[in-house]
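Subject: Handing over a structure, with notes on its pockets

Dear colleague,

I am passing this structure on to you, and my notes follow below it. Please read them with the structure open beside you.

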Amino acid sequence: MIGFLFKKVFFDIWDNLLMLVLMSLCIVAPLGLLYLGTLFIDVNMGAFFAVSALAIFLFSCYSLYLSSITFGYSRNKKGGFKAVKDAFRFHFGHVVLHFAILIILILICLYGIPFYLAFGNIFGLIMGMMLFWMTVIVVLALQYYFPLCLHMEADGAFKTLKKSFILVADNLGTSFFLAFRTVIDLVLTVLTAFMIPGVAGISLSRMDTVKLLMLKYDFLEANPDCTKKDLNWEDLLYEERQLVGPRSFKGMIFPWKD
C-alpha cells in the first residue's frame, strides 16, 4: 500500500498543484496572527494569550477548510465553495474540539513536561516521559482526525477522535510513516516558501492515506469471516490503480509523449 500511496499522493498533488499552492499560502493568516501575538509578550500577557489562542483557532478552521477541498481531490473531484460551506455547517464541532486539543498539547509541551522534568528525580522523569508519549500518540491521532471527519460524516467530533486513536493502534507503522512524511513535507514547504507541497499538500497526503486505509476496513466489514491476513492489497487497490492510470514523470512534463 505504501508504494502506491506515494504514487497517488504525488499525482494528486501534481493534478491540483496550482490550487494547492494558493490554498497553502493562506497559512500566512494564522502564522501572521501568531506573530502579532508575540509582540504583546512584554506589554500585555493577557493580549498575548488571547491573540495566540485566536491564531490557533484560525488554524483549526483552516485545517477543516483544507480537508473539505482535499477530500474531493483524493476522489478526482473538484471541491468548491459548497464543499467548504457544508464542512463548516456540519462539522464545526470538530473544529472546536481540535482547537481545544491543540491548546492542551501546547500547555503540556510548554509547562507540563518541563514542570515534571524540573523535579530532577525518577518520579519527575517518569511523569515527563508519560506526558511526552501521550502527546506523541495524540499528534499521531490528529493526522487522521479531519480526514475521518469527512469520510464518516455522520460521526460527532468525539467519535471521530476515538476512531482516530483506533486507526493509530491498528496501523502504528503507517501512522509513524505518515508523521515522518509530514516532517519531510514541512521541511520542503519551508524551503519552497510554503508552496510545495505546502500545508494543503500535507492535508491531501493524509486524506489519501485514510482513503486507502478505509478500503481495508470496508473489505473486512463486507467479509466478517476474513482477517487482516486475508487482505490482498493488489485486489483492494485495483480501482485506485485504474484511476491513477499508468502515468510517468515524463508524461507529466510532456503528456503528448506518454
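The largest pocket is lined by 43 residues, and those nearest its centre are Ile56, Phe59, His98, Leu102 and Ile106. A pocket here is found on a 1 Å grid over the protein atoms alone, as an open set of points where a 1.4 Å probe fits, with protein on both sides within 12 Å along at least five of seven lines, and a lining residue has an atom within 4 Å of a point. Please keep in mind that this is a predicted model, in which local features need pLDDT of at least 70 and side-chain atom pairs count only at pLDDT 80 or more, while totals for chains, interfaces and linings use all residues. Residues are numbered from 1 along each chain as its sequence is written, and side-chain values use heavy atoms, with hydrogens and water left out.

The volume of the largest pocket is about 1,400 Å³, where a volume is the space filled by probe spheres set on the grid points, which are joined across faces, edges and corners. Several helices (DSSP runs of H or I, at least four residues, numbered from the N terminus) supply at least two residues each to this lining, among them H3 (28–38), H5 (81–117) and H9 (198–222), but H4 gives the most, with 11 residues. By type, the lining of the largest pocket has 32 nonpolar residues, 10 polar and one charged, where Ala, Val, Leu, Ile, Met, Phe, Trp, Tyr, Cys and Pro count as nonpolar, Asp, Glu, Lys and Arg as charged, and the others, Gly among them, as polar.

The second largest pocket has a volume of about 270 Å³. It is lined by 13 residues, with Phe10, Arg181, Asp185, Leu188 and Pro197 closest to its centre. H8 provides the largest share of this lining, six residues, and the lining of the second largest pocket divides into 11 nonpolar, no polar and two charged residues.

As for H9, 18 of its 25 residues are buried (under 20% relative accessible area, with exposed over 50% and partly exposed in between, for a 1.4 Å probe and protein chains only), so H9 is largely enclosed by the rest of the structure.

Finally, the count of disulfides (pairs of cysteine sulfur atoms within 2.5 Å) comes to zero. Cys149 is in no disulfide, and the nearest cysteine sulfur, that of Cys61, is 12 Å away. Cys149 counts as buried because its relative accessibility is 0%, whereas Cys226, at 26%, counts as partly exposed.

With best wishes
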